[in-house]
Amino acid sequence: MIYHITDNEAAAVALKDIPEVDYAALYNDLKERLQDERYHVAHYFATPDGTRLKFYLILLDDSEHKVMLSSFVMEYYEDVALPSLTALHPALHPFEREITELYNVEFDSMPWNKPLRFPFNRRNRNSTMDNYPFYTIEGESLHEVNVGPIHAGIIEPGAFRFVCNGENVLHLEIALGYQHRGSESEFTLTTNRLRQTLLAEGIAGDSAVSHATAYASSIEKLCGCSIGALAIERTIALELERMAMHIADTGALSMDVAYQLGQVACEALRTMTINTTQAWCGNRFGKGLIRPCGTNKPLPHEKIAMIRTNVAEIRRRYNEVIEDIKSSPSLLARFEQCGIVPKAEMQRIGGVGMAARSSGVKRDIRSSHPYAAYASHIKHESIVKQHGDVMSRLMTRCREVLQSADYIEQLLSTYAPSEIARPNYDATLTAEALAFSLVEGWRGEICHVAITNKQGEIATYKIKDPSLHNWLALAIAVRGEGISDFPICNKSFNLSYCGHDL
Amino acid sequence: MVGIALNTLLMIVVAIAIPGVINRTRATLAGRKGLPFVQHLRNARLLLRKGSVYSTTTTALFRIVPAVYLGAAIVAMLFMPVADLYPLISFEGDVICFAYTLALARVAIILAAMDTGSSFEGMGAAREALYGALIEPALMIGFATLAMFCGYTSFADIFAHEQSFNAQITIVMFLIAYLFITIAFVESGRVPVDDPRTHLELTMIHEVMCLDYSGIDMGMIHIAGWLKTACFSMIAANAIAATCCFHWWLAAPLAILLTGLSIGFVESTQARNKLVRNTTFIVTISALAALIFFIGYLLQSDINI
């Protein structure tokens, strides 16, 4: 047995139940397995364990709805190069890069072992942002354009290095890490679970609900508490967040091509959506709403009515915007055939979430590893587009907004508020166990992993935001495009800097 | 003398009013309260009162360009008659002088952009040079059509001698007006060719060349832009006024509204071109100019079709 098999709804797994295998066995198994579209790696990380370095790998089986856990160990200072999986399956590159950066573990024939995010506790302190090894191409007719790290707009920092032939982009390399705050280690530095919840909400501000849900459910798995009807309220919060962000991005895409009507209409609708969340929980981004084992903001009757009216109105007006966009030739000329990521490429680099679904790769935790109300009340059908261009990504967003509105209506029309528990920050956690939670945020798959020590405290907390995978998809999308189309390609993904940098 | 002063004054008013009309149109169509009509003047006043910051990589060339740019735009403006009024400068062949005064401004700003050594500004300069070269045939053929029709090569004479109410002239004049409004879109860097409001350097054309300018220099470049737009707008307004009622009190408001409303409307309802499609867009304007020239030629030579 190489794997311990479980699913996204099961309780935490005792560490002793996770098989400790030989790396060679795992390597040989993954080499074959990852060729199949149904498998992908949700997380793969190392953590110090006494004098050893213990590696955990979480593999998802999309068609059987299973989660497979495995682990292997090596001595902390062991000087041996592991054969690289990235060389065979580039999708694993962020994980291997992180392991190398933190623990100096060598991966043999790893093709792209560059620093990932320059964490404070990186092994090689000489590796800094100033000497990031950018890929270069020499040539008389080529020029380099550097954008960032200070961004012209008010978004986050990241360095983008383009190698261009005239207006055409030959290569784009994205160097991130400027937003690193040490989020993962902060979780282990405090045992105050309210503080940890706030940290989770701050991992990526635009996915506050998704990350808080991922944190809360991993804690709930560790303390074995069941949340009952709260699952429905969480699902509504998640779908409201998805609606707000997709609508905002529709507006941002319109703005980038100077289409004013789409921009102002979407800005107004986005405000209406986040104000609905605010009317529910007091914060426009849903901060304060998700708490472990309960909530301070249960949904009363009058708020249910308010959410239903608002969502119906947003859905109606947003539908008009979609019709406008689809019937405007000047917009279609900008969005179609632009920034294409073909399915095979998306598959190879391990894209997740709506970006992957827009390229025909059906990765959706809501259907592959259902949780909360997706497991009980909703039979989720993912929206999949085939072209992989900016238009596909926009249309995926458009249809997901309508779908989310329908889900909210479906859940709320039959929802009767009952007594919902208050948050519990003091429940005892299972000692020496691993709990993971998979949540489909609006960008894609979010994976949180908590490992407890003998005292039942969180010893290791690992976070994965979908942006970690999808930044590479953006670099692929702009290859061969005009450099002036980079902004709309970027906006069509709208990836998180701080979610990547942690 | 009073006529010349009034002419110059009206040109300034047109130049100031057009950006205001564009902003109001955009705000109205977006259902927003929008900027006050004179906000661009306040911004310019603020800029003009500020000093400039210069990058250490730039040379003296970079510093004199805003003055050259504004100077060229002012001179170009002085060639332009407002319908029946007389411009300050007018001589035989001033249409060519007008075109190359503006070309001088373009060359100056391209050189300044290259002078900064920034990769963004180099891209902007390359784009501006390409589009400038492509729009020039349209401009020249447009002037040629006007000159062919009346036998004069000075703006003041062309329009003063072209008042007539016959159908042939009306057709050509309206086409000419359309042509020059389209040229105004390109020359003033508006949607669908360029987007003056974008913050994305990679997509900019005109704005990216001015990234290193600040304070008073930036103010001068803005003002020069208004003047340029006013010149093209006034040619279009004169052409239309010539067909019905050739008076300054018609031509001046017409110049403001024609360009102001059409730019405002297009910017509210249309997306920008993909950059590579701009070339096609601008070449099409030149093709249109050639077509107008031939229509004008056929109509003038009274061919019985």
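Predicted model: local features only at pLDDT ≥ 70, side-chain atom pairs only at ≥ 80, totals over all residues.
**Entry: the contact between the chains**

I began with the interface and found that 24 residues of chain B are in contact with 26 residues of chain A. On the chain B side, the elements that contribute two or more residues are helix H1 (2-30), helix H10 (248-269) and helix H11 (275-300). I then sorted the side of chain B that touches chain A by class, and this gave eight nonpolar, eight polar and eight charged residues.

**Entry: helix H3 of chain B**

I checked the length of helix H3 (residues 60-78) of chain B against its residue count: at 1.5 Å a residue, its 19 residues should span 27 Å, and the end C-alpha atoms are 28 Å apart, which agrees. I also looked for a bend, and H3(B) has a kink of about 25° centred on Pro66(B). Pro66(B) is itself among the buried residues of H3(B), which also include Phe62(B), Val65(B), Tyr69(B), Leu70(B), Ala73(B) and Met77(B). I recalled that an α-helix has 3.6 residues a turn, so residues three or four places apart point the same way. When I asked what the buried residues of H3(B) pack against, I found H1, helix H4 (94-115) and helix H9 (215-244) of chain B.

**Entry: backbone exceptions**

For this entry I kept in mind that most residues other than glycine have a negative phi, and that most peptide bonds are trans. In chain B I noted a cis peptide bond joining Val191(B) and Pro192(B), with omega about 10°; Pro192(B) sits in the loop between helix H7 (167-187) and helix H8 (206-209) of chain B.

Ala83(B), which is not a glycine, has a positive phi of about 50°, and its place is the loop between H3 and H4 of chain B. I counted its surroundings as well: Ala83(B) has 25 C-beta neighbours inside 10 Å, and because 20 or more are needed, Ala83(B) counts as buried.

In chain A, Gln337(A) likewise is a residue other than glycine with a positive phi, here near 60°, and Gln337(A) lies in the loop between helix H9 (329-335) and helix H10 (343-349) of chain A. With 14 other C-beta atoms within 10 Å, Gln337(A) is partly exposed.

**Entry: the open sheet of chain A**

I traced an open sheet of four strands in chain A, in the order S1-S5-S4-S3, with antiparallel pairing. Strand S1 (4-6) and strand S3 (39-49) of chain A stand at the edges with a single partner strand each, so one side of each has no neighbour in the sheet. Ignoring direction, neighbouring strands of this sheet are turned by 20° against each other on average.

S3(A) and S4(A) form a hairpin with two residues between them, and Gly50(A) in the turn has a positive phi of about 65°. Helix H2 (residues 93-103) of chain A lies across S3 and strand S4 (52-61) of chain A, and runs at about 10° to S3(A).

**Entry: strand S11 of chain A**

I asked how many residues of strand S11 (residues 433-440) of chain A are buried, and the count is eight of its eight residues. In a regular strand the side chains alternate between the two faces of the sheet. In S11(A), Ala433(A), Ala435(A), Ser437(A) and Val439(A) point one way, whereas Leu434(A), Phe436(A), Leu438(A) and Glu440(A) point the other way, and all are buried.

I then listed the pairings of S11(A). Strand S2 (residues 13-14) of chain A pairs with S11(A) in the antiparallel sense over two bridges, and Val13(A) has Leu434(A) as its bridge partner. S11(A) also pairs with strand S12 (residues 445-452) of chain A in the antiparallel sense, over seven bridges, with Cys447(A) in S12(A) as the bridge partner of Leu438(A). The hairpin of S11(A) and S12(A) has four residues between the strands, and Gly444(A) takes a positive phi near 155° there.

**Entry: a loop residue of chain A**

Last, I looked up Arg125(A), which is placed in the loop between strand S7 (107-108) and strand S8 (142-147) of chain A. Arg125(A) is exposed, with 9 other C-beta atoms within 10 Å. Its C-alpha atom and that of Pro48(A), 77 residues apart along the chain, are separated by 19 Å.

Conventions: Residues numbered from 1 in each chain as written. Chains lettered and ligands numbered in written order. Contact = placed C-beta atoms within 7 Å. Nonpolar A, V, L, I, M, F, W, Y, C, P; charged D, E, K, R; others polar. Expected span 1.5 Å × (residues − 1). Bend = angle between axes of the 7 residues up to and from the residue. Buried ≥ 20, exposed ≤ 12 C-beta atoms within 10 Å, placed from the backbone. Pairing = 2+ DSSP bridges. Axes fitted to C-alpha atoms, helices over the stretch in contact; angles between N-to-C directions.
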